[in-house]
Amino acid sequence: MSTAVENAPSVDSASRRPRVTAAKRRQYGAAYALVLPFFVIFLAMIIVPLFYSGYLSFFKKQLIGGVRFAGFTNYTRALTAPLFLSGVARMAVFLVLQVPFMLAMSLIFALALDSGMMRLARFSRLAIFIPYAVPGVVATLMWGYLYGPDFGPFAQITNALGFGPPPFFTSTGMLFSIMNMVNWAFIGYNMILIYAALRSIPGELYEAARVDGASEIRIAWSIKIPAIRPALLLTIIFSVIGTFQLFTEPKLMFNLAPNVIGTAWTPNLYAYNIAFVNQDANYAAALAFLLGIVIVIVSYIVQLSAQRKERRS
Amino acid sequence: MSSPLTRRKFLISTAAAATSAWLLSACGGGGDSGGGSTPAAAASQIPQADIDKAMDTPTTLTFWTWVPDITNEVKLFTTKYPKMKVNVVNVGQGAPHYQKLRTAIQSGQGAPDVAQVEFQFINSFTLGDGSLLDLTPYAPATLKTSYPDWVWSQVNTNGGLWGIPQDTGPMGLLYRDDLLSAAGIEPPKTYDDFASAAATYRTKNPKNYLVNVAPNQPGQIVAYLWQAGVRPFAFDGKQTVTIDLASDEAKKVVKFWGDLVTSGGASNDADFNDTWYQGLNSGKWATLPIAAWGPVFLSGSAPKTSGKWRAADLPQWDASKAVSSNWGGSTDAVLKLSKNQIAASQLALFINTDKQSALQFATKQYLFPALNEVLEDPAFVDQKSDFYGGQKVNEKFAQISKTVSPDFGWLPFMDYVYTNFNETLGKAFADKTDAVAGLQAWQDASVKYAKDQGFTVS
């Protein structure tokens with residue numbers, strides 16, 4: 001938008017070239033009109049609440065004693081809260097273990113589909129994507145059954161073999177159980193993003209490579225992947241944000257393993273419980289801001305390292 | 001990298017920060033906007049003439065409740081008072097309901113006239129200036145005698161009547177007649193019997209248990225404490241709370257259940273989820289200590305076991321007395337913010353004290369009644385249930401209701417205390433560690449929260 005304003009012709013030039021200006025002005029008008037709905041909603045739903053919760057985070061409200069200005073105490077409290085920090089640490093582990101695996105799988109599926117050498121390509125594409133479209137409640141019922149320690153299919157097998165139920169709901173097992181759920185839902189989602197980027201690469205680029213005798217794997221590695229680098233970066237950043245914002249899956253697993261999930265399995269779940277169970281919206285606002293800052297920093301590091309790699313190549 | 005992506009990156013990051021903040025601002029709210037009505041300090045009876053006049057004025061009331069089919073009882077009200085119109089709104093059951101109610105109260109608008117409030121949450125709404133209307137001036141002076149003492153002591157606290165009782169949950173013991181007789185066990189009358197029965201049952205059925213100790217069900221544990229005479233919570237209506245979860249009696253009760261879990265005599269599965277329902281259906285547990293709303297709930301959740309269950313008293317600590325406690329139950333409360341306080345109070349009173357309406361709750365919606373009149377009505381107590389082998393289950397629980405010990409108080413922040421249970425005592429049950437240490441941790445966390453919220457803890 002700022003570029004549009006900078007390039008707008010001054011009144012001077014307008015008098016010299018009246019026809020162009022009129023046409024341009026109409027275009028600008030249309031452009032502004034088209035982005036207006038977005039900005040209204042963006043302002044009302046993102047910017048205003050953002051500032052409001054920023055404001056809230058500097059106060060302390062007690063059930064007895066009311067509201068008072070608290071400076072940064074909510075922030076210092078959060079930075080020393082073991083529950084919050086362990087949630088962030090857990091999500092960092094999650095990020096390192098789950099995101100690379102998920103994106104690698106998405107990329108492999110997308111390349112396989114794009115290679116055009118697969119049978120039932122359309123069906124596979126849909127089948128991989130479908131879990132993303134399954135509503136959370138259905139997913140919980142399904143995973144609850146699959147992971148179930150008494151009647152789940154895996155438990156029935158291991159119980160029959162005399163090993164006892166698999167450790168899906170133990171405190172370490174839960175991390176992997178939820179990673180698995182996230183993989184299941186989001187491999188397809190990221191695959192679609194990557195696949196769309198692959199389809200937009202002009203075919204001439206690898207026709208030349210093919211003439212030179214490059215194998216499909218070589219083409220994928222040297223042409224396709226570099227060409228979709230921006231799309232990959234986007235999926236990485238989405239995944240980083242999604243990981244730190246993880247909420248739905250642990251909230252759903254809460255019913256099945258309440259004592260393992262607790263109130264602070266992820267930082268977002270912690271902020272939610274602080275706001276709605278402890279009735280401390282102010283502290284929760286500070287938590288949300290800190291979490292936002294963590295996300296910005298991690299996203300920035302990811303972006304920076306990607307840029308550096310690009311420059312090096 | 002090109003500038004558009006940089007900007008997009010910025011937007012993404014901002015949006016990420018914003019979405020987490022967005023959720024919270026919905027419930028924000030800086031100052032307390034107190035209910036702007038007159039304090040009911042010296043409550044004198046509202047003259048009948050005023051009530052008649054209000055009930056003859058066209059009025060629209062909003063009623064937030066999750067009770068299924070409650071429109072049937074509301075219809076009885078609007079038939080009697082044709083000028084009244086009632087909008088029944090279900091904003092969710094339990095936690096979501098209270099969250100929305102608090103938000104509406106804080107913003108000063110959008111709150112209902114009448115709302116469903118469970119016994120243990122009343123104090124959280126009478127806190128400070130209070131959001132609930134003292135119904136004493138609106139209710140007949142004889143209302144107290146319509147309820148068992150313990151029910152009245154739940155709603156009439158700190159000098160006010162904060163809600164009209166609708167349903168209750170006296171605790172009893174449901175058991176599988178077939179499974180116990182097969183194991184040669186009599187339904188246990190005392191907790192000593194219960195512990196030895198648990199061990200015996202386990203040796204005869206190595207795959208199953210006599211009972212489950214749910215590590216996510218503070219309401220059940222609190223009912224066990226209540227039965228043993230423990231009074232862990234108190235609130236003076238102003239700013240002093242008493243938190244005494246780790247008393248010797250409480251430790252005795254918690255040790256009993258903790259020992260059952262660690263010795264392997266009881267399972268420690270989370271309840272009210274699919275695995276638990278499957279367990280009930282497949283006979284994983286031979287007994288189910290549950291409230292009076294349990295029998296109907298169970299017949300819907302474990303249809304395969306029809307005819308095999310029976311109802312009895314809870315086991316006793318002292319074999320010479322029958323004492324029970326309560327788990328669950330709710331009231332209809334009127335908000336101070338209501339612009340039609342008289343009409344709202346009459347709605348709350350009518351649907352819960354009119355004979356026809358209250359009986360309908362008990363026989364059609366299967367809410368376990370609070371009102372003496374219904375607890376004694378043959379249409380209710382003489383119902384035989386096939387699921388319980390033709391036993392008059394209502395009669396059993398109506399008897400139990402008379403044995404619930406009165407004067408059990410609550411803290412004005414039970415949501416925190418109950419949620420924290422999962423991480424302290426509940427966690428000890430789940431991990432099979434020292435339950436008494438878990439109890440102490442629960443006590444400590446609750447005290448810390450109370451102090452942090454500015455309460456005086458005595």
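Me: Before we look at single residues in this predicted model, what makes a residue count as buried or exposed?

Reply: A residue is buried if 20 or more other C-beta atoms lie within 10 Å of its own, and exposed if 12 or fewer do. B:Asp52 has 11 C-beta neighbours inside 10 Å and therefore counts as exposed. B:Asp52 belongs to helix α2 of chain B, which covers residues 48-55, and its C-alpha atom is separated by 9.5 Å from that of B:Ala343, a residue 291 places away along the chain.

Me: Is B:Lys364 buried or exposed by that count, and where in chain B is it found?

Reply: The cut-off for exposed is 12 or fewer neighbours, and B:Lys364, with 12 C-beta neighbours inside 10 Å, therefore counts as exposed. B:Lys364 is in the loop between α14 and α15 (372-375) of chain B. Its C-alpha atom and that of B:Gly307 are 57 residues apart along the chain and separated by 21 Å.

Me: How should I read B:Thr287, and which residues is it in contact with?

Reply: Here the neighbour count is 26 inside 10 Å, so B:Thr287 counts as buried. B:Thr287 is found in strand β9 of chain B, residues 287-291. Once neighbours within four places in sequence are left aside, its contacts are B:Leu173, B:Leu174, B:Tyr175, B:Leu210 and B:Val211. For B:Leu173, the separation from B:Thr287 is 114 residues in sequence and 6.8 Å in space, taken from C-alpha to C-alpha.

Me: Turning to the largest nonpolar core, which residues touch the most other members?

Reply: A nonpolar core joins buried residues of the nonpolar kinds through their C-beta atoms, and in the largest one, which has 194 residues, A:Leu287 and B:Leu347 touch the most other members. Helix α16 of chain A, residues 281-312, gives the most to this core, with 11 residues. Not counting residues up to four places away in sequence, A:Leu287 touches A:Ala78, A:Phe84, A:Pro267, A:Tyr270, A:Ala271 and A:Ile274.

Me: How do helix α3 and helix α14 of chain B pack, and at what angle?

Reply: An angle over 145 degrees counts as roughly antiparallel. Helix α3 (residues 71-80) and helix α14 (residues 355-363) of chain B pack at about 175 degrees, with their axes 10 Å apart, which means that α3(B) is roughly antiparallel to α14(B). On the side of α3(B) the contact is made by B:Asn72, B:Glu73 and B:Leu76, and on the side of α14(B) by B:Gln356, B:Ser357, B:Gln360 and B:Phe361. Sorted by class, that contact has 2 nonpolar, 4 polar and 1 charged residues.

Me: Which domains are assigned to chain A?

Reply: The assignment for chain A gives domain 1 (2-56) and domain 2 (73-312), and the C-alpha centres of these domains of chain A lie 36 Å apart.

Technical notes: Residues are numbered from 1 along each chain as its sequence is written. Chains are lettered from A and ligands numbered from 1 in the order in which they are written. This is a predicted model: local features need pLDDT of at least 70, side-chain atom pairs count only at pLDDT 80 or more; totals for chains, interfaces and linings use all residues. Axes are lines fitted to C-alpha atoms, for helices over the stretch in contact, and angles run from 0 to 180 degrees between N-to-C directions. Helices (H or I, at least four residues) and strands (E, at least two) are DSSP runs, numbered from the N terminus. Angles under 35 degrees count as roughly parallel, over 145 as roughly antiparallel, 65 to 115 as roughly perpendicular and the rest as oblique. Two residues are in contact if their C-beta atoms, placed from the backbone, lie within 7 Å. Ala, Val, Leu, Ile, Met, Phe, Trp, Tyr, Cys and Pro count as nonpolar, Asp, Glu, Lys and Arg as charged, and the others, Gly among them, as polar. A nonpolar core is a set of buried Ala, Val, Leu, Ile, Met, Phe, Trp, Tyr and Cys residues joined through C-beta atoms within 7 Å. Domain bounds come from an automatic or database domain assignment.
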